[in-house]
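These are my notebook entries on one structure.

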Amino acid sequence: GPNPYSQQNPTINNATTSDGGEYKLIITVDGCESDEAATTVVINDKPTVTLDPVSVLCDDASPVVLVGNPNSGTYNGNGVSGNLFDPADAKAGTHVVSYTYTDNNNCTNEAIINIEVQEKPEAIISSIDQLCEGAADVPLFASPAGGQFSGEGVIPASEVFKPSLLTPDTYTIKYSWTDNVCSAEATLDVEIRANPIVSIDE
């Protein structure tokens, strides 16, 4: 055959298609040889299997449909159910997801990808005490850094709250943050109180 053997019941380890072909068996006993017996060995290629990559996800994102080819294979991994990957179930971290497929020749292959899940941060606006009507500008602070403030009396470019622009009332400051994977928001109510009216009786 393609690979001659001198022992009985030989084994081909890590067989490739080049090991396929006709093999002949001859038994020699005390110098006497038997007639030939032949068999054809067919070695099929493993199927080509792919699994589409998945972008970085936030842990509050909706489940993502996994796409493996050829279809009708099996997906496995943390956070995987059927053909869905649920980042909320997987939680933050890097997760190994595999797709295994077996073809009609009973040959099996798999594809593997890593899916990164980021933890959604909590957005917090630093508290502001009650303010008096016409008070000075108040710097705004929030975490995580790099977000955007909005609301009545808010000057986004300078990240300040200007009570002097407003009448006595309660106002809501909003802070929005994103890193294009996760997003977070926070609100803070700020009360502006009216100044007392002072009069002197004549």
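This is a predicted model: local features need pLDDT of at least 70, side-chain atom pairs count only at pLDDT 80 or more; totals for chains, interfaces and linings use all residues.

I looked up Ser 98 and found it buried, because its relative accessible area is 13%. Buried means under 20% relative accessible area, exposed means over 50%, and partly exposed is in between (1.4 Å probe, protein chains only). Ser 98 belongs to strand β12. Helices (H or I, at least four residues) and strands (E, at least two) are DSSP runs, numbered from the N terminus. I then listed what Ser 98 is in contact with, leaving aside neighbours within four places in sequence: Leu 51, Thr 74, Tyr 75, Asn 76, Glu 110, Ala 111 and Ile 112. Contact means heavy atoms within 4.5 Å.

Residues are numbered from 1 along each chain as its sequence is written, and side-chain values use heavy atoms, with hydrogens and water left out.

Next entry: His 95. I found His 95 in strand β12, which covers residues 93-102. Is His 95 buried or exposed? His 95 counts as buried because its relative accessibility is 8%. Its side chain reaches two backbone oxygens: that of Lys 91 at 2.7 Å and that of Ala 90 at 3.5 Å. I used the rule for a polar contact here: a pair of N or O atoms within 3.5 Å, where within protein one must be able to donate a hydrogen and the other to accept it, and residues adjacent in sequence count only if both atoms are side-chain atoms. Not counting residues up to four places away in sequence, His 95 touches Asn 78, Phe 85, Ala 90, Ile 113, Asn 114, Ile 115 and Val 117.

Next entry: cysteines. How many disulfides are there? I counted 1 disulfide, taking a disulfide as a pair of cysteine sulfur atoms within 2.5 Å. It joins Cys 58 to Cys 182, with S to S at 2.1 Å. The link of Cys 58 and Cys 182 is right-handed, with 110 degrees about the S-S bond.

Next entry: salt bridges. Side chains of opposite charge can pair when their charged atoms come close. The rule I used asks for a side-chain nitrogen of Lys or Arg within 4 Å of a carboxyl oxygen of Asp or Glu. I searched the whole structure and found 3 salt bridges.

- Lys 120 and Asp 60 meet at 3.3 Å, N to O. The pair links distant parts of the chain, 60 residues apart: Lys 120 in the loop between β13 (108-118) and β14 (124-125), Asp 60 in the loop between β6 and β7 (64-65).
- Lys 162 pairs with Asp 137, the closest N and O atoms being 2.9 Å apart.
- Lys 174 pairs with Glu 185, with the closest N and O atoms 3.5 Å apart. Lys 174 is in strand β21 and Glu 185 in strand β22, 11 residues apart. Lys 174 is partly exposed at 33% relative accessible area, whereas Glu 185 counts as exposed at 54% relative accessibility.

Last entry: the backbone. Which peptide bonds did I find to be cis? I found one from Asn 69 to Pro 70, with omega near -5 degrees. Another joins Ser 143 and Pro 144, with omega about -10 degrees. Pro 70 is in the loop between β8 (68-69) and β9 (74-77), and Pro 144 is in the loop between β17 (142-143) and β18 (148-150). I also noted Asp 30, a residue other than glycine with a positive phi, near 50 degrees. Asp 30 is in the loop between β2 (28-29) and β3 (32-33), and it is exposed, with a relative accessible area of 78%.
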